Amino acid sequence: MRPLAAGKDGAVADSEGDAIATGDETLDVLVVGAGPTGLTLAAQLQTFGARLRIIDRLVERGRESRALAVQARSLEVLDALGLADALVSRGNPGARVRIHLDDAVVDLPVGDIGAADTRFPYVLFVSQAETEGVLGAHLAAVGVTIERGVELTGFEAGSDDVACTLRHRDGRLEIVRTRYLAGCDGAHSTVRKGAGIAFGGGAYPQDFMLGDVELEGPLERGIIHAFTGRRGVALFFPLGRPTTWRLIGIEPDGRERADREPTTRDLSLAELQAVADAATGGRVRLHDPAWLTRFRLHHRQAAHYRAGRIFLAGDAAHIHSPVGAQGMNTGIQDAWNLGWKLALVTRGAADPALLNSYEAERWPVGRFLLRYTDRLFSAVVAVARSRLATALRNLLLPHLLPWLMASRSRRARLFRFISQLGIRYRRSPLSREAEPRLRRGPLAGDRLPDAELTRDGHPTSLQRETAGPRLHLLLCGAPEAWDDAPVPTLRAHFGDLLAVHRLTRTPAPGALVDPAGTAFARLGIETAAQYLVRPDGHIAFRCAGTDLEALRRYLERWFPMPYHPTPGPG
């Protein structure tokens, strides 16, 4: 960023004399990047009433569909915003994968793969463009404008705020001051580079081809077709819009370019057809492409997700192989973890040390997923290129995969990993197991499981009742067990920051009722217990019994001031 100088009238100009507009108000958060990560972060900040702006250098939202799957945990996040059903209606929750080997075909169900404690027990196949569209429409409805054609050109972080220079599409420059800067601006992040944060890793040596196309051939619609034989590797995804299919394949001759960048020449339909022919034996004909491109896959992670008042999330913080459909979903989870913490700190309701937990919780998740996707992707490529490995795969997979997927318990374990429902923060400084300890159930740091409940005779669910811009305290057990607990004192001290719910097996006015005992069983409750649920749906604190003193001390440590959220536009 070029140095700034103050004029005689207090206006700001750069060293070359160009006029720069300045805002009168300091933002709470400037979100850079309007992909799924930035949109999710902006949506959560808005629910807390944070003063925010969200900018993106692109004049128009990208129409190309990059990520193609939304995992169950991301759908739970969107459900907390009231958006999950709209997205599910646009996608395919019941897709199957058909693996075409050289001498066999194996079908795998990846739709309803098995999970009892979520409303979304499937992988939703839907384009990233649809996900961005749903989030963007939500922000517009609540008064948050996505400022497109606005680019962050530099910033200077001070002790109290960050001065950011923005360039508008008409060339106008603007200085914006914000308490925190969130870089959700992708793999080539201006925010990450400006903060001087290293982005270690590398690129896979293979070049890939991608095309959103129509095709003629014997591929059943609504199914993911994977061709991984000796002749080539090609994946056909049922896209829907803007075309029926997406094809991703490795260069037909398997060339590796470890020592240089991948070719930048345009991809032709004929070249993509050659990939399809090599993998399928010439069984499909491609036509009417909407998007053709070459790309190189990278595996990188930022050394840190925070540098003072600067935060990174999504592809700005980590990029990896698309194996397992984790990339976009991990970015959404980054944003969901960070947003409520930034909002409560900027509103004065939380100790600033709360922000340290973002990197403590999310950096290990990024590292684990990077290693997992890297190893799995490398294994897939190695098998596809080795004649011996290909022969063994053709012999074993037709028998092994059906056996693995036949067991509901095995499917459920696999689903918890892929769906990100199993991500937990047990080692976080925010996670507290207090005495007397519960012997069963999810631990502090784990995601709160869902269960069907009723309130005053109306159906509801545990996760929906504990969603919203506040902490949620579940007082579990018989209603009379809590008669002497100092609940009014807690409510008076912590204000609207704390919502208190009674979870019981027997009907009581205003209580969450679990007549089948499902929620009690999933939470490991025998008599009485207390669970404090964070705004992102993870458990912050839990213990058995009705003594609330340990809970009070925990709340005073992290949330010393009362809070009254005032949702509104950015």
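Predicted model: local features only at pLDDT ≥ 70, side-chain atom pairs only at ≥ 80, totals over all residues.
1. Find helix α7, which covers residues 327-346. Just after α7 comes Gly-348, with a positive phi of about 80°.

2. **An arginine to look up.** Is Arg-542 buried or exposed? Its relative accessible area is 1%, and buried means under 20%, so Arg-542 counts as buried. You will find Arg-542 in strand β29, which runs over residues 539-544.

3. **What Arg-542 meets.** The side chain of Arg-542 reaches the backbone oxygen of Arg-440 at 2.8 Å. That side chain also makes a polar contact with the side chain of Tyr-531, at 3.0 Å. Leaving aside residues up to four places away in sequence, Arg-542 touches several others, including Glu-433, Leu-438, Pro-442, Leu-523 and Gln-530.

4. Two elements, α8 (356-385) and α10 (408-418), each give two or more residues to the lining. Helix α8 provides the largest share, with 8 residues. Sorted by class, the lining has 9 nonpolar, 4 polar and 7 charged residues.

5. **The largest cavity.** How many cavities of 30 Å³ or more are there? The count comes to 3. The largest cavity contains about 180 Å³ of space. It is lined by 15 residues, and those nearest its centre are Glu-76, Ala-80, Gln-463, Ala-467 and Gly-537. Both α2 (72-80) and α11 (462-465) give two or more residues to this lining, and α2 gives the largest share, 5 residues. The classes here are 7 nonpolar, 3 polar and 5 charged.

6. **The second largest cavity.** This one has a volume of about 60 Å³. Which residues line the second largest cavity? They are Leu-68, Phe-125, Val-126, Ser-127, Phe-237, Pro-238 and Leu-239. In this lining, 6 residues are nonpolar, 1 is polar and none is charged.

Terms used:
Residues numbered from 1 in each chain as written. Heavy atoms only, no water. Helix = DSSP H or I, 4+ residues; strand = E, 2+ residues; numbered from the N terminus. Expected span 1.5 Å × (residues − 1). Buried < 20%, exposed > 50% of the residue type's maximum accessible area, 1.4 Å probe, protein only. Polar contact = N/O pair within 3.5 Å; in protein donor to acceptor, adjacent residues only side chain to side chain. Contact = heavy atoms within 4.5 Å. Nonpolar A, V, L, I, M, F, W, Y, C, P; charged D, E, K, R; others polar. 1 Å grid on protein atoms, 1.4 Å probe; cavity = no way out; pocket = protein on both sides within 12 Å on 5 of 7 lines; lining within 4 Å. Points joined across faces, edges and corners; volume = space filled by probe spheres on them.
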